[in-house]
Each structure stands twice: as structure tokens, then as C-alpha cells.
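Have the model open as you read.

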Amino acid sequence: MSRVTVKDIVEKFMWEVVCGNAQALQRPVTLADTNRPGLELAGYFPGTQVKRLVVLGDKEIGYIQSEMDEISQRRAFEYLTGPKTPAIVITNHNPCPSILKEIAERKNFLICMSENKTSHVIVNVTNYLDEKLAKSVILHGELVRVYGVGVLITGKSGTGKSEIVLELIQRGHQLVADDRVDCYRIHNQLIGRPTPMIEGFMELRGVGIIDVEKMYGVASITHQTNIDLEIVLEPFRNTSDYDRVGIEEKEYSEILGIRILKMRIPVSAGRPMSTIIETAITNYLLLIQGTDSAKEFEERVLAEIAHNRDEELKENKNK
């Protein structure tokens, strides 16, 4: 999670600063939600989340101007300009109430103006803060985009992850990150990005660092993707009991509180791994669309068993 200040938001959306100096601009913003203070303006303060950015739109300014006297305004504005509140933004060309400006100047509290509608300001600020304040974790593996699916390929060192990813790139798929994946939880989705310093590069043992974009074209890389599926590569062992049909209970990984489907695929010499991974992802796409090939096969087998049982009962009756 990166540190965000009010200055970052003001510069991002080019708000006009009504009052507050450089020190006020350095107030931290730690919550993505905003506060439209209806109850606070009415004089009810319990339960207010004071760390939210306060937004005053048409309704709030209209209520202040028509319903609040000087005493009630001073009481509300003293509370809304507290030490933990990042700032107040007034939307849609509305004027700043004179009492609010007076209190803010005394406290060196930041008040900004936006020309945009209130709903647009809230959506833009929330989306921006969701990304900037997103929880993050570093994952070790390869991240590729195959058929529109973000696939995290993991496994022990030496299983050939980079070589398999290179084959996928040569088949027209996209590299996101090699070896290190910066993973963020944004809008309840997992987003994977490369570390900026190594974006677009891959390391191949015996070859060194290669520039994927220059070698395979601009379409061979992408800067981020959702992480939808994890494929774990494992050295093939004769003693291991691998999933051969697919009717076993599905396995999932949990990353930043979000579960994604996990598939384990054995690696051995001669196996066409890029083709196998493409097939696994195609099967995953069918699965999320409601087609479970393993279950359909199981139903077909059970139907055949039932049919043979009925035929056997008929033969026994005819004897």
C-alpha cells in the first residue's frame, strides 16, 4: 500500500485550492471511501468515519444555505475540519460557505473546489484511491495473459517456467511479468503487474536477459492483467496420483483474501507444455461458462453403467 496525500489527489484531478497551505496538502489519505455529511450537518456526529475525504455537493450546500443558522454551521464545520479529516472538496461550481472558509483558514485546513458533478468526483476519487491504497503482495512466478485469462505459473526452480512462457509468447500470448509479480487487490479483483525496472524483460538460463517487446513485437507484452488462474508446474513422478479425469474436488489458492482456481500440471521431457497449458485454459473458460467436461463425462459413464445394469436385469428375467 503506497502513501497518498491530499496533494496527490489535488494534482491528479486539478482541483482549485480555496484555503490551506503546503503543510495542509501533506495530510495523509488512508481510506478510499468519501463522506457526504448529511447527518453531520444536521448535528448528529456519532459513528462518523472522520478519516474520509468530505464531499459537499448541491444538496449539502443547499441545506447549509437554507436550513442552517450560524451556530449550527459553526458546530458542524468545527467537527468536519478535525485533525484526522484529509480535506473538504466542494463540487459543481458551488460556493464555499463563508463560515467554513473562516474556520478552515484559522485551522489551516484544506478546502478545494471541483467543477465536476458530485457523482463524478466521488467515482473518480474512489477509483483512484482504490488503486493507490490497494493491499499488495509480491508473488514469485510467471504471469501471462492467454486467451484473455491472466495465468500465474508457479513451481520450483528448474521446472522450466520461463521456457514454457517463452513458447506461449511465440504462440501469440502476452507476457506480463517474469519471476516477480506485484499483486494488488483492487475492486475485489487480483491485479498483477511487473516491477517497473524489469518490465518487458525475461531471464533465460544460458541465454541471459532478453527484451521480449523488441524480439516479438509490442503485442507480446501487456502492463497488467487480472489474475484468474494459477498453474503449478511439478516434476513428473510415477508415484504421484495426478488428476486424470477432473472429477476430483477443485483446488484453490487464496491471495489477499481472494480465491482463484489452482491446477497442478506435471512436467516431463517431451511433453508439449505450451499446448497443455493452452488446453487447460480453454477448459477453464468452458468451466466458468458452465460447461464442466469432467462432470459431463462422469454422467455419461454413470448412464452407461445404469444402461448395462438394466440390460443385465432384462436378461436375467428372460432366463
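What follows goes from the overall build to helix α1.

A quick word on ground rules: this is a predicted model, where local features need pLDDT of at least 70, side-chain atom pairs count only at pLDDT 80 or more, and totals for chains, interfaces and linings use all residues. Residues are numbered from 1 along each chain as its sequence is written, and side-chain values use heavy atoms, with hydrogens and water left out.

The protein has eleven helices and 17 strands, which are DSSP runs (H or I, at least four residues, for helices; E, at least two, for strands) numbered from the N terminus. Its C-alpha trace spans about 100 × 65 × 30 Å along the principal axes. The radius of gyration, taken over C-alpha atoms, is 29 Å, whereas a compact globule of 319 residues would come in near 20 Å; that globule rule is 2.2 Å times the number of residues to the power 0.38.

How much of the protein is buried? Buried residues account for 43% of the 319, with buried meaning under 20% relative accessible area (1.4 Å probe, protein chains only).

Now zoom in on α1, residues 6-13, where Val-6, Ile-9 and Val-10 are buried. Looking down the axis of α1, these buried residues fall within an arc of 100 degrees, so they line one face of the helix; the arc is that of the directions from the helix axis to the C-beta atoms. They pack against β1 (16-19), α2 (22-25), β5 (111-113) and α7 (118-132), a contact being heavy atoms within 4.5 Å. Just after α1 comes Met-14, with a positive phi of about 55 degrees.

Terms used: Buried < 20%, exposed > 50% of the residue type's maximum accessible area, 1.4 Å probe, protein only.
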